[in-house]
Amino acid sequence: MTTVCQDHWDRMRRAIDDRGLGALVPDSGELAREVVARELAGERSIDTFDPLMNAFFMIMSKTLEYFGPWVLAAADEHRSGCLLCFMNEKHEHECKGCDLPTVKAFDHWIDKAADASKAEWLKRAEAP
Ligand SMILES: [Zn+2]
Ligand SMILES: [Zn+2]
């Protein structure tokens, strides 16, 4: 199961809080799982919106787009078990020059994902 480390999770949480969406994050893991299950079943409403999970799924889908599915399995096996740590480390070692910062190249995805969560929330809140 693809995940991120505590440090990256905390940063995602902070990015969500910074955008005023902190109160929308379910208080318990149980509730969060229920909300995700309903969302995956096709219910997309303000009741099933978890901005933190939304940001995480955004990062996962960007990862798939950018690298391909093998990265998720490779990140699971990485000692950090963290998708972002894995990609950052891989990039730091293998980059031959690109627009990304050499170190912590993918941390900026957190802000982008949080922005996307905010946009998704506004869209849902405005829907009739
Ligand atoms: Zn990490
Ligand atoms: Zn690079």
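Where in the chain does Lys104 lie? Lys104 is placed in the loop between helix 5 (83-94) and helix 6, and point 5 returns to that residue.

1. Basis of the model. This is a predicted model, in which local features need pLDDT of at least 70 and side-chain atom pairs count only at pLDDT 80 or more, while totals for chains, interfaces and linings use all residues. Residues are numbered from 1 along each chain as its sequence is written, and chains are lettered from A and ligands numbered from 1 in the order in which they are written. Helices (H or I, at least four residues) and strands (E, at least two) are DSSP runs, numbered from the N terminus.

2. Helix 3 with helix 6. Two packed helices are described by the angle between their axes and the distance between the axes. Helix 3 (residues 51-66) packs against helix 6 (residues 108-126) at an angle of about 125°, the axes being 8 Å apart; axes here are lines fitted to C-alpha atoms, for helices over the stretch in contact, and angles run from 0 to 180 degrees between N-to-C directions. The pair is therefore oblique, given that angles under 35 degrees count as roughly parallel, over 145 as roughly antiparallel, 65 to 115 as roughly perpendicular and the rest as oblique. The crossing of helix 3 and helix 6 is right-handed, a crossing being left-handed if the near helix is turned anticlockwise from the far one by less than a right angle, and right-handed if clockwise. Helix 3 contributes Pro51, Asn54, Ala55, Met58, Ile59 and Lys62 to the contact, and helix 6 contributes Trp109, Ala113, Ala114, Ala116, Ser117, Glu120 and Trp121, where two residues are in contact if their C-beta atoms, placed from the backbone, lie within 7 Å. Sorted by class, the contact of helix 3 with helix 6 holds nine nonpolar, two polar and two charged residues (Ala, Val, Leu, Ile, Met, Phe, Trp, Tyr, Cys and Pro count as nonpolar, Asp, Glu, Lys and Arg as charged, and the others, Gly among them, as polar).

3. Helix 1 with helix 6. The axes of helix 1 (residues 6-18) and helix 6 come within 9 Å and cross at roughly 40°, which makes helix 1 oblique to helix 6. The crossing of helix 1 and helix 6 is right-handed. On the helix 1 side the contact is made by Arg11, Met12, Ala15 and Ile16, and on the helix 6 side by Ile110, Asp111, Ala114 and Ser117. By class, the contact of helix 1 with helix 6 has five nonpolar, one polar and two charged residues.

4. Helix 1 with helix 3. Helix 1 and helix 3 have axes that come within 10 Å and cross at roughly 120°, and the two helices are therefore oblique to each other. The crossing of helix 1 and helix 3 is right-handed. Met12, Arg13 and Ile16 of helix 1 make this contact with Pro51, Leu52, Ala55 and Phe56 of helix 3. The residues of the contact of helix 1 with helix 3 divide into six nonpolar, no polar and one charged.

5. Most residues other than glycine have a negative phi, and most peptide bonds are trans. Lys104 has a positive phi of about 55° although it is not a glycine, and a colleague may wish to look at this residue in the model. Lys104 is partly exposed because 15 other C-beta atoms lie within 10 Å; a residue is buried if 20 or more other C-beta atoms lie within 10 Å of its own, exposed if 12 or fewer, and partly exposed in between, with C-beta atoms placed from the backbone. Gly42, which follows helix 2, also has a positive phi, near 110°.6. Helix 2. Helix 2 (residues 29-40) has twelve residues and reaches 16 Å from its first C-alpha to its last, close to the 16 Å expected at 1.5 Å a residue, the expected span being 1.5 Å times one less than the number of residues.

6. Individual positions. Ala73 belongs to helix 4 and is exposed, with 10 other C-beta atoms within 10 Å; its C-alpha atom is separated by 8.4 Å from that of Met1, 72 residues apart along the chain. Pro69 lies in the loop between helix 3 and helix 4 (70-77) and counts as exposed, with 9 C-beta neighbours inside 10 Å. Asp17, in helix 1, counts as partly exposed, with 15 C-beta neighbours inside 10 Å.
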